[in-house]
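Trainee: I have a model open and want to learn how to read it. Can we go through it feature by feature?

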Amino acid sequence: MAELRGALIGCGFFAVNQMHAWRDIEGALIIAICDRDPERLQIVGDQFGISRRYTDAAAMFAGETLDFVDIATTVGSHRPLVELAASHRVPVICQKPFAPSLADAKAMVAACAAAGVPLMVHENFRWQSPIQAVRAVLDSGEIGTPFFGRISFRSAYDVFSGQPYLATGKRFIIEDLGIHILDIARFLLGDVSSLTARTARINPAIAGEDVATMLMDHESGATSVVDCSYATKLAVEPFPETLIEIDGSDGTLRLARGYQLTVTGKSGTTARDISPPLLPWASRPWHNIQESVLAIQRHWVDCLVGSKEPATSGADNLKTFALVEAAYAGAASREPVRMDELL
Ligand code: NAD
Ligand code: 89V
């Protein structure tokens, strides 16, 4: 099979994981990289042996023939870079959070649709193998029809040391982390019709909210609670595990700390350790996230080769992004927000 020729824009903290994953994927090769910071360009270029290096994305699109581009910059640059890729008719992956606002996100989806180029948001948490295992239990029918879910991420891990920009934005936990957990709720329980939210800032040294609690009505009739915190000091730090409780008409499932999955259903009770693999280039505790990077990038290659729409396409991600907007609006007004008013 001919290899797809890709380029990566943004050689920062998280892009290193993406570069490792691209090296593990047959059928795709990163042939050029871009970062406006020459130091980051050199570090990543040298680490992964990439000689074609650019400090300007427009120059890279002009100078290279690409089958796709992988945008791993922070959110402020996503819209201009996605629109630049679309103008060159290059299929594009964009990191989360997709955009600074829902209006920008809609414009980016429209630009790619008009250019006829595939667009995938790098919304990787649903690709973690424990989350996929939970989805497989639901799909098996073992616990019947879900009527309640709790998707929870509570931690006191110092995310600011690796990602200092997270301490400075007016928006923090919902935009950065909650977006993943809201996407998992959609992935497991389906689309949402209304959302109620409350937020708090416990850490006085940061600008945004570090605690968020969201109550959602799903179109299926199920109710879920998504709760996120970076102010929760526990005996054992669970970062970056997402814990899940789902109750169905015929049973329950619980994904507990340490990746312990207990299912009580039509065939009785089973308990399994579903710890994610530790890839050779991965390191604890990030290995859970790192394996999902490999999985989502493989999925992208499969979709490009097979002309299929990615699970977290731009169009799909608008529904997750709208939950973020609804959560901020609902926390400010203390009123429920109807999703059909945003989408
Ligand atoms: P970072 O600041 O460490 O890296 C971003 C890099 O992009 C920097 O080197 C910067 O110089 C470069 N850059 C910015 N604008 C540019 C432009 N216009 N052209 C070229 N280069 C440009 O940030 P990070 O922590 O690596 O985060 C990057 C993105 O990844 C963010 O959107 C973040 O939310 C996301 N992220 C995702 C996950 C995940 O699991 N999906 C985890 C961590 C971070
Ligand atoms: O996945 C992310 O987007 C990261 C973290 C897990 C630290 O929130 O920013």
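This is a predicted model: local features need pLDDT of at least 70, side-chain atom pairs count only at pLDDT 80 or more; totals for chains, interfaces and linings use all residues.

Trainee: Which residues does the assignment give to domain 1 and domain 2?

Mentor: Domain 1 covers 4-117. Domain 2 comes in two pieces, 126-280 and 319-341. The C-alpha centres of the two domains lie 28 Å apart.

Trainee: How do I read a helix pair? At what angle do the axes of α6 and α7 cross?

Mentor: Take the distance and angle together. The axes of α6 (residues 129-140) and α7 come within 10 Å and cross at roughly 25 degrees. Angles under 35 degrees count as roughly parallel, so α6 and α7 are roughly parallel to each other. Their crossing is right-handed.

Trainee: Which residues make that contact?

Mentor: From α6, Ile131, Val134, Arg135 and Leu138. From α7, Ile184, Phe187 and Leu188. By class, that contact has six nonpolar, no polar and one charged residues.

Trainee: Now the ligands. What surrounds ligand 2?

Mentor: Val159, Gln163, Asp176, Leu177, His180, Pro240 and Ile289 surround ligand 2. Helix α7 (residues 173-189) gives the largest share of this shell, three residues. By class, the shell has four nonpolar, two polar and one charged residues.

Trainee: And how many residues surround ligand 1?

Mentor: There are 25, and the closest are Gly10, Gly12, Phe13, Phe14 and Thr73. The ligand 1 shell has 10 nonpolar, nine polar and six charged residues.

Definitions and conventions
Residues are numbered from 1 along each chain as its sequence is written. Chains are lettered from A and ligands numbered from 1 in the order in which they are written. A residue is near a molecule or strand if its C-beta atom, placed from the backbone, lies within 6 Å of it. Ala, Val, Leu, Ile, Met, Phe, Trp, Tyr, Cys and Pro count as nonpolar, Asp, Glu, Lys and Arg as charged, and the others, Gly among them, as polar. Helices (H or I, at least four residues) and strands (E, at least two) are DSSP runs, numbered from the N terminus. Domain bounds come from an automatic or database domain assignment. Axes are lines fitted to C-alpha atoms, for helices over the stretch in contact, and angles run from 0 to 180 degrees between N-to-C directions. Angles under 35 degrees count as roughly parallel, over 145 as roughly antiparallel, 65 to 115 as roughly perpendicular and the rest as oblique. A crossing is left-handed if the near helix is turned anticlockwise from the far one by less than a right angle, and right-handed if clockwise. Two residues are in contact if their C-beta atoms, placed from the backbone, lie within 7 Å.
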